[in-house]
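Subject: Structure handover

Hi,

Here is the structure I promised to pass on.

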Amino acid sequence: MTTAVALIALSLVDHAFAGYRAAAGRDGRIDKTRFYRRAVIFGAVQGAGVAAALAGLAGALLLTSAPEAVFADMTIAGRSMVFFFGGYATLVFATFVPYLAGTLEIRTLATVTVFGPLTLLRPVLIIVGSAFAIAHADLWQTYVLAVVAGLAHIGSESVLDRWIPSFAFRE
């Protein structure tokens, strides 16, 4: 169960950051704090919806045959995802240290050298992370869940890119 909780936490954080990225640079006001906060919350709520849908799919797949074996296989694949995506999340959070403590130049350097490339690599990393999970799985149910989870996370950012600007100037 801790594997599922870790994956949900990683998904929520990823979606919250995706909400922020979708909002960045799309509002003309000087004080964007409220706008960004709403975008982060919107992203996290979407992440909760994705996590709930994936949990429902996992539950349905568990009912297909031998629930204990399917659960064990999903747990093994999930642990590999936590390892892979946890490393990515650790790198992102480590980049916040100089970003939060530094000057404008250091923040700009962190954004350009780490945040920017990691944002561009996100879809590739999701595909590789899903493939990494599949490589550690044996059952078709786990393959289905890993592929759907990867596609849901890749697609969710484009949904946020479309919806975040729609409330940009609502107050």
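A salt bridge here is a side-chain nitrogen of Lys or Arg within 4 Å of a carboxyl oxygen of Asp or Glu. By that rule, the side chains of Arg122 and Asp14 meet in a salt bridge, at 2.6 Å from N to O. That pair links distant parts of the chain, with Arg122 in helix α4 and Asp14 in helix α1, 108 residues apart. Please keep in mind throughout that this is a predicted model.

**Salt bridges**

How many salt bridges does the structure hold? There are three. Besides the one between Arg122 and Asp14, Glu157 takes part in a bridge with Arg21, 2.9 Å from N to O. This one also links distant parts of the chain: Glu157 belongs to helix α5 and Arg21 to helix α1, and they sit 136 residues apart. Glu157 has a bridge with Arg122 as well, at 2.8 Å from N to O. Because Glu157 lies in helix α5 and Arg122 in helix α4, that pair ties together parts that are 35 residues apart in sequence.

Put together, Asp14, Arg21, Arg122 and Glu157 are linked in a network of salt bridges.

- Arg122 has a relative accessibility of 2%, so it counts as buried.
- Glu157 is at 13%, so it is buried too.
- Asp14 is at 16% and therefore also counts as buried.
- Arg21 is at 23%, which makes it partly exposed.

**Helix α1**

Two of those residues bring us to helix α1, which holds Asp14 and Arg21. The helix covers residues 2–23, has 22 residues, and reaches 32 Å from its first C-alpha to its last, close to the 32 Å expected at 1.5 Å a residue. Its buried residues are Thr3, Ser11, Asp14, His15, Ala16, Ala18, Gly19, Ala22 and Ala23.

What do these buried residues pack against? They pack against α2 (33–62), α3 (67–101), α4 (104–135) and α5 (140–163).

Thr3 makes a handy example from this helix. It counts as buried because its relative accessibility is 11%. Which residues does Thr3 touch, leaving aside its neighbours within four places in sequence? Thr3 is in contact with Thr75, Gly78, Arg79 and Val82. At the other end, just after α1, Gly25 takes a positive phi of about 80 degrees.

**Aromatic rings**

A search of the whole structure turns up eight aromatic pairs. One of them is Phe84 with Phe85, an edge-to-face pair with the centres 5.3 Å apart and 85 degrees between the planes. Phe85 is buried because its relative accessible area is 16%, whereas Phe84 is at 22% and so counts as partly exposed.

Phe84 also pairs with Phe132: the ring centres are 5.9 Å apart and the planes are at 40 degrees, so this pair is tilted. It links distant parts of the chain, since Phe84 is in helix α3 and Phe132 in helix α4, 48 residues apart. Phe132 is at 27% relative accessibility and therefore counts as partly exposed. Ring pairs link Phe83, Phe84, Phe85 and Phe132 into a cluster.

**A patch on the surface**

Where is there a nonpolar patch? Trp140, Tyr143, Val144 and Val148 form one on the surface, with about 330 Å² of accessible area together. Val144, one of its members, is found in helix α5. With 32% relative accessibility, Val144 counts as partly exposed.

Cheers

Key
Residues are numbered from 1 along each chain as its sequence is written. This is a predicted model: local features need pLDDT of at least 70, side-chain atom pairs count only at pLDDT 80 or more; totals for chains, interfaces and linings use all residues. Side-chain values use heavy atoms; hydrogens and water are left out. Helices (H or I, at least four residues) and strands (E, at least two) are DSSP runs, numbered from the N terminus. The expected span of a helix is 1.5 Å times one less than its number of residues. Buried means under 20% relative accessible area, exposed over 50%, partly exposed in between (1.4 Å probe, protein chains only). Contact means heavy atoms within 4.5 Å. Patches are made of residues with over 30% relative accessible area and no salt bridge: like charges are joined within 9 Å, nonpolar side chains (Val, Leu, Ile, Met, Phe, Trp, Tyr) within 5 Å. Accessible areas come from the Shrake-Rupley method with a 1.4 Å probe; for residues, only the protein chains shown count as cover. Rings of Phe, Tyr and Trp (its six-membered ring) pair if their centres lie within 6.5 Å; planes under 30 degrees apart count as stacked, over 60 as edge-to-face and the rest as tilted.
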